[in-house]
Amino acid sequence: MAKNKLSIYLIKQDFPVGEIIPPASDDGNRIVELQVKGHESYKLFARSAKPHEPGWVDTFFNSAVGSESLRVANIGAALVVPVIVGNNSFGVEADETISSGGRDSQRYFVLTFGYGRTLINRSAIEERFGLKCVLNSVKNDTLRAIHFADVSGSAKRSSEQLSRIGDIDDFAIDTERNLLSQVTAKCGEDELLCGTVTGGDSLAVTKEIDIDNVQEFLKSLYELFCQETYKQDFDWVDNIAPVKDPALEEKLWAESIRQIADYSYEDDSQHDLWMAVPDIIDWDRIEGFQIGSQTDENKEPILQDDVLLADVLRSFKNPLTSIDQLKNKRITAISRENGLPYQRWQAHKCLVGDLTYDGKSYCVLDGAWYEIRSDYLNRINEDFMDTNESDIEFIPYSQDCDEEQLVDGFDGNKIKLEKEGLYNYKLERALVKEFPNHFLLMDRRLISYGGGRSRIEFCDVLADDGKRIHIKRYSGSATMSHLFNQGLVSASMERDASDYAEKVNERIMQIGEQEGLSSVENFLLNQNQIHDVVFAIVPKQDSHNHDLPFFSKVALCSVKKQLKRMGIDTKLNWIDRINNSEGQTPNEH
């Protein structure tokens, strides 16, 4: 029997079979249902596009060539297969009633061919089906490639592969803060999964399987999916696990809609949900993103550089009250080559972030909700609570810092500052008044390093006793994660890159000259070796809760661990907010 390369999806329990494959695709092409002779319980759906010339035939060759050989068409097919799981029964009819009181149940699988994956209703897919099948089949040291996403604020997506098989520690994945979405690994030749296999939401496998034996193979796959062998080597995968309760999922969507419906365009610091492109894409081929069907007066798509929650909310004519509104809104990446749609997503799949509901923590990514395992949650919270404060005396953050002000620059000229920039300026002035020549303002004084236009902010305020101070107003998980990563990167470079440290010293000497300081030797890094990274956070307006969203805590705890390996302590301080500029004297916290 010939081998076939298969892409296999498991459909969620009790998902209506009639909604697995929508009647029409996003591009408007009709989807037809075909009969499979001898397998009447199977349903085969297909969609084909009319033959057409690729855009480059016209744009590059300028009609200098013309041939039917250059006309192409694509086709996608999806085979829906019902399988009885729980005993050795096969051949169930699609409309057969399964006793809810028995041990057996019916599950549906979808096998896709060509562009068939685009036919499936994405809401129907069982998340991590392929991932669990692969992890249940392989050892830790047989991995070839992984895909993962950072759920601690940045929503950064990464794809890595090894030159030879290795284990999870050979990749740059942080198991504390990254969500593993796909893995490619090498299986044994005599196992159910053999050779090189890839598992994410779907399973990709090459095997001697055809229409006559596929149902038995799918039953075995389901049994493999239900195993928990993966917990021996990959237990951390369940730190963040998919929400499987439809009622809970509905409540989480309702809560997320309630939060983003109150979006503040003036102050995005009130929100822990935002939007981002839900895939790794080829940015060179993207001109921009169209939200819904927005067009200009020439009927050309109105394009945005990024997918932003504020822009999506503005696109609704009526107030946002239901998740269905987001599901029905399309975000379209427009091709730079021909101005046509390159890729589409439902808007709710672009939603990213975390929220607390009924005392538990959840995050949303790619249109799916994930629950934080309780022991993992407790461990992170304990680590967060154990973070010590610095003895630095931070002045309060006054309301007038949010307004642009003219202040005396160090070169004798007036400069405009606001928000963190203005606060950092006032803080350094207050500290220097109390402790002369022991603090130096480094905010906005960037270090040119790495060639090109690469410029790095060393820290916001430098103390001469080994402290590096980084300050940020709270503005959601993404900003907090950026703050913590900034402190880690700066500390790592100071320790590991001697040429970077030299450039920092040069900048310190320049600042000393600009400010007319008699001496700056006490700030130079060779004499002022780092031992504390201090993060100082201005809380939300009108908030007295000195807490962070869960995934911001994850980011902080990960940074703490990495700094500790370098012999550096992490300190966390909260800066008081006041409603006026009075009381601007140092307050010890």
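Modeller: The buried residues of H5 are Leu248, Glu249, Leu252, Trp253, Glu255, Ser256, Ile257 and Ile260 (buried is under 20% relative accessible area, exposed over 50%, partly exposed in between, with a 1.4 Å probe and protein chains only). Bear in mind that this is a predicted model, where local features need pLDDT of at least 70 and side-chain atom pairs pLDDT 80 or more, while totals for chains, interfaces and linings use all residues. Residues are numbered from 1 along each chain as its sequence is written, and side-chain values use heavy atoms, without hydrogens or water.

H5 covers residues 246-261, and its end C-alpha atoms sit 22 Å apart, in agreement with the 22 Å that its 16 residues should span at 1.5 Å a residue. Over its buried residues lie, among others, strands E12 (273-275), E17 (351-357), E18 (360-365) and E19 (368-372), plus helices H6 (309-314) and H7 (323-328). At the start of H5, Asp245 brings a side-chain oxygen to within 3.1 Å of the backbone nitrogen of Ala247.

Now the charged pairs: Lys244 belongs to a salt-bridge network with Arg107 and Glu126 (a salt bridge is a side-chain nitrogen of Lys or Arg within 4 Å of a carboxyl oxygen of Asp or Glu). Arg107 is in strand E5 (105-114) and Glu126 in the loop between E5 and helix H2 (129-135), so the pair ties together parts 19 residues apart in sequence. Glu126 and Arg107 are both buried. The structure holds 22 salt bridges.

Key. Helices (H or I, at least four residues) and strands (E, at least two) are DSSP runs, numbered from the N terminus. The expected span of a helix is 1.5 Å times one less than its number of residues. Contact means heavy atoms within 4.5 Å. A polar contact is a pair of N or O atoms within 3.5 Å; within protein, one must be able to donate a hydrogen and the other to accept it, and residues adjacent in sequence count only if both atoms are side-chain atoms.
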